[in-house]
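Here is a walk through one protein model, from the meeting of its chains down to a pair of helices. Please keep the structure in view while reading.

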Amino acid sequence: MINLIPPDFSPNKKILTILNILKKTVSSGSIILVVILIGLSSFYVINSFELKNLEAKEKTLIENIKSLGQTEQSFFLIRDRLSKIKMVLAEDSTNKSLENLTLLLGVFPAAATINEVDITAKKADISFTVSGSSLLVQIFASVVSSDFYKNIYLKSFGYNPSSGYAITLEVVNN
Amino acid sequence: MPPAFKKFIYLALSLSCLLFVGVITLKIGWAKIAKKREEIASLQKTVKALEQKEMILGEVAGGVVKQAGLLNNALPAKNSALVTISQVKKLANEEFLVMDSLKAGAEIKKSSYSQVNISFDIEGEILVVLNFLKKLQNIAPLTNLDKVKISQSITSLAKASVTIKTYWAAYPVKLPPITEPLKDFTAEEKETIVKILSLNPPEFVELIPQENSGRQNPFE
């Protein structure tokens with residue numbers, strides 16, 4: 001083929017290089033864009049499948065749990081009762097005072113007469129009568145040696161020749 | 001216009017379009033994918049919680065219904081005064097103690113449960129009375145001793161004026177959502193269950209309906 005265009009009309013070499021670079025950029029950019037688009041679409045499709053699988057799994061699990069409805073109800077009822085029982089058990093009660101008193105009265109000599117016992121959550125007042133001083137010493141020794149009371153107060157101490165010693169002790173729990 | 005310039009404009013426009021399409025596609029595409037990933041992450045969390053829930057419920061399925069019934073004896077849904085009185089009377093009979101002046105107070109509402117005070121007098125040997133009071137802690141519904149005053153003279157038996165507290169609590173109104181995670185009972189909770197299950201439950205008499213006597217005509 002014969003080039004009839006005069007040499008003066010042929011474009012500048014610099015312009016040709018720029019055009020070439022631009023052309024290459026456009027074509028490689030297009031390829032990159034297509035690759036990115038394919039990548040994104042594939043990633044989107046994979047994620048959609050994963051989501052679908054998870055939804056199906058969730059549905060199956062919900063069905064299974066629904067079939068265990070009575071168990072679930074009982075489980076929540078137990079949990080509810082337990083939380084409330086915990087509060088009830090934390091309430092003040094004379095149970096500990098009673099336990100301590102039972103232990104203490106267990107070591108009291110049979111000759112001692114318990115007249116009155118007043119038990120509350122934190123302490124107990126014990127009024128008793130003993131005929132002789134040796135018994136009194138024995139009782140005091142057992143009360144003092146017991147380690148389940150924080151404080152022991154002698155509230156009253158009386159003596160009557162016919163009945164003996166009348167004592168009131170206040171014992172405060174640990 | 002020289003053909004080189006035309007070509008330059010054409011290429012520049014193509015490049016601009018490419019950049020524009022690329023940026024928009026990336027922005028929209030990435031946002032959609034990010035949303036899907038978020039959904040997947042949330043669903044994975046839910047599925048994990050459901051799997052755990054299914055496993056726990058499957059493990060406890062055998063005994064949990066019975067346990068719930070027994071715990072319900074310890075903390076009933078309705079006023080427990082009558083059942084507690086019946087339990088106290090039964091215990092007093094077993095210990096051969098004389099019971100008197102039985103009174104039940106009004107409902108005392110607490111934050112999440114209710115309480116009623118029951119007072120009574122009991123008469124017997126002092127150690128038997130103390131034993132009876134100790135055994136009161138082992139009855140269901142749950143009871144707490146409030147006040148005890150014991151008096152006795154040389155000639156008489158011990159007489160105890162006792163006030164006990166008994167409790168009940170309404171059932172929860174609704175179950176949490178099915179997708180809410182479930183945690184197994186803690187060691188402390190398991191210990192409480194064992195303790196509560198050892199309480200003496202009340203005995204309820206079930207009346208069996210009588211069969212038809214066979215008398216067809218009531219006027220005969």
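Two residues are in contact if their C-beta atoms, placed from the backbone, lie within 7 Å. In this predicted model, the contact between the chains takes 65 residues from chain B and 60 residues from chain A. On the chain B side, helix 1, helix 2, helix 4 (126-135), strand 3 (143-151) and helix 5 each supply at least two residues. Helix 1 of chain B gives the most, with 29 residues. Sorted by class, the side of chain B that touches chain A has 38 nonpolar, 14 polar and 13 charged residues.

Next, consider chain B by itself. Chain B is divided into domain 1 (12-61) and domain 2 (67-170 + 186-197). The C-alpha centres of these two domains of chain B lie 59 Å apart.

Now look at helix 2 (residues 64-74) and helix 5 (residues 187-197) of chain B, which pack with their axes 9 Å apart and at an angle of about 70 degrees. Angles of 65 to 115 degrees count as roughly perpendicular, and these two helices of chain B are therefore roughly perpendicular to each other. Their crossing is left-handed. Helix 2 of chain B makes this contact through Gln67(B), Leu70(B), Leu71(B) and Ala74(B), and helix 5 of chain B through Ile193(B), Ile196(B) and Leu197(B). Six of the contact residues are nonpolar, one is polar and none is charged.

Which residues of helix 2 of chain B are buried? They are Val64(B), Gln67(B), Ala68(B), Leu71(B), Asn73(B) and Ala74(B). These buried residues pack against helix 1 (3-60) and helix 5 of chain B, together with helix 2 (69-89) of chain A.

Technical notes. Residues numbered from 1 in each chain as written. Chains lettered and ligands numbered in written order. Predicted model: local features only at pLDDT ≥ 70, side-chain atom pairs only at ≥ 80, totals over all residues. Axes fitted to C-alpha atoms, helices over the stretch in contact; angles between N-to-C directions. Helix = DSSP H or I, 4+ residues; strand = E, 2+ residues; numbered from the N terminus. Parallel < 35°, antiparallel > 145°, perpendicular 65-115°, else oblique. Left-handed = near helix turned anticlockwise from the far one by under 90°. Nonpolar A, V, L, I, M, F, W, Y, C, P; charged D, E, K, R; others polar. Buried ≥ 20, exposed ≤ 12 C-beta atoms within 10 Å, placed from the backbone. Domains from an automatic or database assignment.
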